[in-house]
Amino acid sequence: MSESLSRPAPAVEAALEGGDTSAPRSQLGDAWHDLRHSALFWVSAVIIGAVLAIAAFPNAFADAAKTSALTGGCDFADFLQSPSEAHWFGTDQLGCDIYSFTIFGARPSIAVGLIAALLTTVLGTVVGVISGYYGGIVDSLLSRLVDIFFGLPLLLGGIVILSALTFPSIWGVVFVLVILGWVSAARLVRGTTIEAKNQDFVLAARALGATNSRIMWRHVLPNAVGPSIVVAVISLGGYIGAEATFSYLGLGLKDPDFSWGTMIAAAQSSFFQAPWTLLFPAGFLTVTVLAVILMGEAVRDGLDPKSRA
Amino acid sequence: MASTEPSRAESSGSILRVRDLVKNYPIMRGVVFKKQVGTVSAVDGVSFDLAPGQTLALVGESGCGKSTVGRLLVGLERPTSGSVVVDGVDLATLSPKQLLEKRRDIQIILQDPYTSLDPRMTVSSIIGEPFEIHPKSLPQGRTKRQAVAELMDRVGLNPEFLSRYPHQFSGGQRQRIGIARALALRPKIIVADEPVSALDVSIQAQVMNLLMDLRDDFGLSYVFISHDVSVVRQIADEIAVMYLGRVAELGSADQLIARPNHPYTQALLSAVPLPDPIVQRTRERITLGGDLPSPADPPAGCRFHTRCFKAQAICAAEQPVLRPVDGAHVAACHFPEPMYDLAGGGSAR
């Protein structure tokens, strides 16, 4: 053996002290570089930022007291008033201020979407990585399980579950969306995992003696999870819409909880007399879902330049 | 010249001993009820020895089983039968924990520098990973970062690029990263699986020089897998020519290139381009007819007889064993006969 490795060369010392001066870029860094120049990204980012701010700090935008008849927020004398200076979005059949309800209705809508998107992605990714990595009998069993859940239609399955069981506040809708939604993430990640695990760098890690769990979580997962993050963002929009659907059907949030979905449901009897009762919550819902989906597409283009048309 | 040292290692002094290595892959049919319908015989009875500090090259065309041998050596695949003895220890007898420890002695450099590095990891994580798996291999008194920077410096990479990602490097630089990773555990043996065949010719020479420097500095032994005789002759002390999972001819690099005895070796060497254009134009090339037979259905007798220009009746009936043709130089042929000067004489480069 020679001494070559036991003497720190001057270049090594300098490098450890000085570090790399030119900016190294990760793949996320590259994605960001592309996204910065995307108008689509900025428009959706501004909308999503505004909606998130409303959901996080509704008190900064409206008065919580105005969202409950108990605290004097609604005045029957003011029912179905058109938008005015006192009531920017008008009032509903009970004389409640639609602006305040829309602002405070954002949080449950957004919360359901975010929690459901997070849980479906985590559950689907874990199942997909294990299924794709181990293959064989594990994969066969998990894939059949995924097939079973894939066969359940979201709306029908959701109606059945929510009619049969009762959950507190938003958790019923979250439960349904996670139970019926994780399979698409699992399928996607299973495919990308199989692709990643056959790459040479997995072979190299195995030759070093890396354990299965190390290979799975350090090498395969980071290379397999990209597409499922994009799908998570796009499905977030779908989940916000699904929450509104279930609430509209009377199966989502129950009084005294409310969301954009329950407001749309309440507006159906007064829509022709007072269209603003429907237009404002439905408008917020549509713009939010649209912004989220556009964001998902912008992120996909950024992460994978090949998918660009 | 490949080497001035004694070319043939004493069997007792070998750091790597391979005996009757066999690897069969089952061919399965059916979706639910899988049934074995055949076997692919990828490696069929390969034996060789490697002495410390020496380089043995495995040469052959695609599908001859040379890469499978490499993977069997580093324990990426389990042999169907036969033994791999690394520094006196048979890998098959080891517990998983002991095998993990033994991996420090034998490492691999993979062919494709574009797929063999994890694109999501920085160079320092890639070269540092061996130290995470084998903390004992970290040199005394060094942090992981220092050890990685020293390795980078040793393989000719600027240590300032510690936190860069693989895609920010060229092919040659990426292969140096792969070499640093294989070197990190200070192995005694490195299996180099076509380490330069994915690189530009101009870069190949630099990487080959690095590999030779490292061999001399660290006393490494190489199993050098390649399809390219002109690359192999730069580095190899011994050459084993493989055909369809078997060794056709094995001998010191000088002898084997100067006086090939097996018709397959002769055909292989006659395909090596010669530097002198006049000699290149006028020389006789041995062209083999037909395609490589399927390893799922290898020919009986000598596996080469279907393409051999010397084939007789006995070749289809009886498998030739490796027999000495000149001292330690052995060939598996019923009609061995030396041919001279096929690849521009015995002198390398």
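Where does Ala55(A) sit in chain A? Its place is helix α3, residues 39–56, where helices (H or I, at least four residues) and strands (E, at least two) are DSSP runs numbered from the N terminus. Keep in mind that this is a predicted model: local features need pLDDT of at least 70, side-chain atom pairs count only at pLDDT 80 or more, and totals for chains, interfaces and linings use all residues. Residues are numbered from 1 along each chain as its sequence is written, while chains are lettered from A and ligands numbered from 1 in the order in which they are written.

**Around Ala55(A)**
- Ala55(A) counts as buried because it has 20 C-beta neighbours inside 10 Å; the cut-offs are 20 or more other C-beta atoms within 10 Å for buried, 12 or fewer for exposed, and partly exposed in between, with C-beta atoms placed from the backbone.
- Leaving out residues up to four places away in sequence, Ala55(A) touches Ala106(A), Arg107(A) and Ile110(A), a contact being two C-beta atoms, placed from the backbone, within 7 Å.
- From Ala55(A) to Ala186(A) you go 131 residues in sequence and 29 Å in space, C-alpha to C-alpha.

**Annotated stretches of chain A**
- An unreviewed UniProt entry puts "transmembrane region" on residues 39–61, 110–133, 145–164, 220–242 and 278–299 of chain A; positions follow the numbering used here, feature names are shortened, and annotations may be inferred rather than shown by experiment.
- Residues 110–133 of chain A are 100% helix and 0% strand, with end C-alpha atoms 34 Å apart.
- Residues 278–299 of chain A are also 100% helix and 0% strand, and there the end C-alpha atoms are 32 Å apart.

**Chain B overall**
- Chain B has 11 helices and 12 strands.
- Of its 349 residues, 49% count as buried.
- The C-alpha atoms of chain B fill a box of roughly 65 × 60 × 40 Å along the principal axes.

**The sheet in chain B**
- An open, mixed sheet of 8 strands runs in the order β6-β7-β8-β3-β9-β10-β12-β11 (chain B); strands pair if DSSP finds at least two bridges between them.
- At the edges are β6 (106–109) and β11 (323–326) of chain B, each pairing on one side only.
- β6(B) pairs with β7 (residues 189–193) of chain B in the parallel sense over 4 bridges, and Ile108(B) has Val191(B) in β7(B) as its bridge partner.
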